[in-house]
Amino acid sequence: MKKILLDTNAYARLLSGDQRVLDALGRADTVFMSVFVLGELYAGFRGGRKESENRGRLDDFLRRTTVRILPATRETADIFGIIKHRLVKAGTPIPINDVWIASHATESGSHLVTFDAHFAQVPGLLLWGGGR
């Protein structure tokens, strides 16, 4: 895997030392973080007792030379529309933030590192195999 995108739960597992996520990071040339994942993380930090510590750890991670933040673009929105339409039509909707995250993975050509099985419903999405 040359490019990966970390889902929120994969980042959390990274912090807990999950070897599968560490291995995926070690094999990646580029690690993408979606602004939508960042939003979920920041929301979670606000609900916890270690907001400052968690923000500091995330900032350190984001400063790595292989890590890139993906902003939302018009292309992201177009891909979102395609994915959401296909999921609704197939009767297999997934949480809306996850449609955005899948859109970013698709847009960047990345394998999505996640532990959420529902991403398998997204046609054509490249999924990392370590979460199963």
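This is a predicted model: local features need pLDDT of at least 70, side-chain atom pairs count only at pLDDT 80 or more; totals for chains, interfaces and linings use all residues.
Ile4 stands opposite Val31 in E2. Three bridges join E1 to E2, and the two strands run parallel. On the E4 side, Leu6 stands opposite Val113. Three bridges link E1 to E4 as well, again in parallel.

Now step back to the whole sheet. Four strands make up an open sheet, and their order is E3-E2-E1-E4. The pairing is parallel. The edges are held by strand E3, residues 67-70, and strand E4, residues 111-113. Each has a single partner strand, so one side of each is left without a neighbour in the sheet. From one strand to the next, the twist averages 30°. As a rule, strands of a sheet pair through backbone hydrogen bonds, in either a parallel or an antiparallel way.

Move to the E2-E3 pair. Strand E2 covers residues 30-34, and four bridges join E2 to E3. These strands run parallel. Phe32 has Arg68 as its bridge partner in E3. Helix H4, residues 51-62, lies across strands E1 (3-6), E2 and E3. H4 runs at about 135° to E2.

Is Ser34 buried or exposed? Its relative accessibility is 0%, so Ser34 counts as buried, the cut-off being under 20%. The Ser34 side chain makes a polar contact with the side chain of His104, at 2.7 Å. Beyond its neighbours within four places in sequence, Ser34 is in contact with Leu5, Leu70, Ile101 and His104. Ser34 also caps the N-terminal end of H3. There, a side-chain oxygen lies 3.0 Å from the backbone nitrogen of Phe36.

An α-helix has 3.6 residues a turn, so residues three or four places apart point the same way.

Take Leu38 from that set. Leu38 is found in helix H3, which covers residues 35-46. With a relative accessible area of 7%, Leu38 is buried, because buried means under 20%. Which residues does Leu38 touch, not counting those up to four places away in sequence? They are Met33, Leu58, Leu62 and Ile69. Thr65 gives a further reference point. Leu38 and Thr65 are 27 residues apart in sequence. In space, their C-alpha atoms are 18 Å apart.

Helix H1 spans residues 8-15, and helix H2 spans residues 19-27. They pack at an angle of about 105°. Their axes are 8 Å apart. Angles of 65 to 115 degrees count as roughly perpendicular. H1 and H2 are therefore roughly perpendicular to each other. Which residues meet where H1 and H2 pack? From H1 come Ala10, Arg13 and Leu14. From H2 come Arg20, Val21, Leu22 and Leu25.

Note on methods. Residues are numbered from 1 along each chain as its sequence is written. Side-chain values use heavy atoms; hydrogens and water are left out. Two strands pair if DSSP finds at least two bridges between them. Axes are lines fitted to C-alpha atoms, for helices over the stretch in contact, and angles run from 0 to 180 degrees between N-to-C directions. Contact means heavy atoms within 4.5 Å. Buried means under 20% relative accessible area, exposed over 50%, partly exposed in between (1.4 Å probe, protein chains only). A polar contact is a pair of N or O atoms within 3.5 Å; within protein, one must be able to donate a hydrogen and the other to accept it, and residues adjacent in sequence count only if both atoms are side-chain atoms. Angles under 35 degrees count as roughly parallel, over 145 as roughly antiparallel, 65 to 115 as roughly perpendicular and the rest as oblique.
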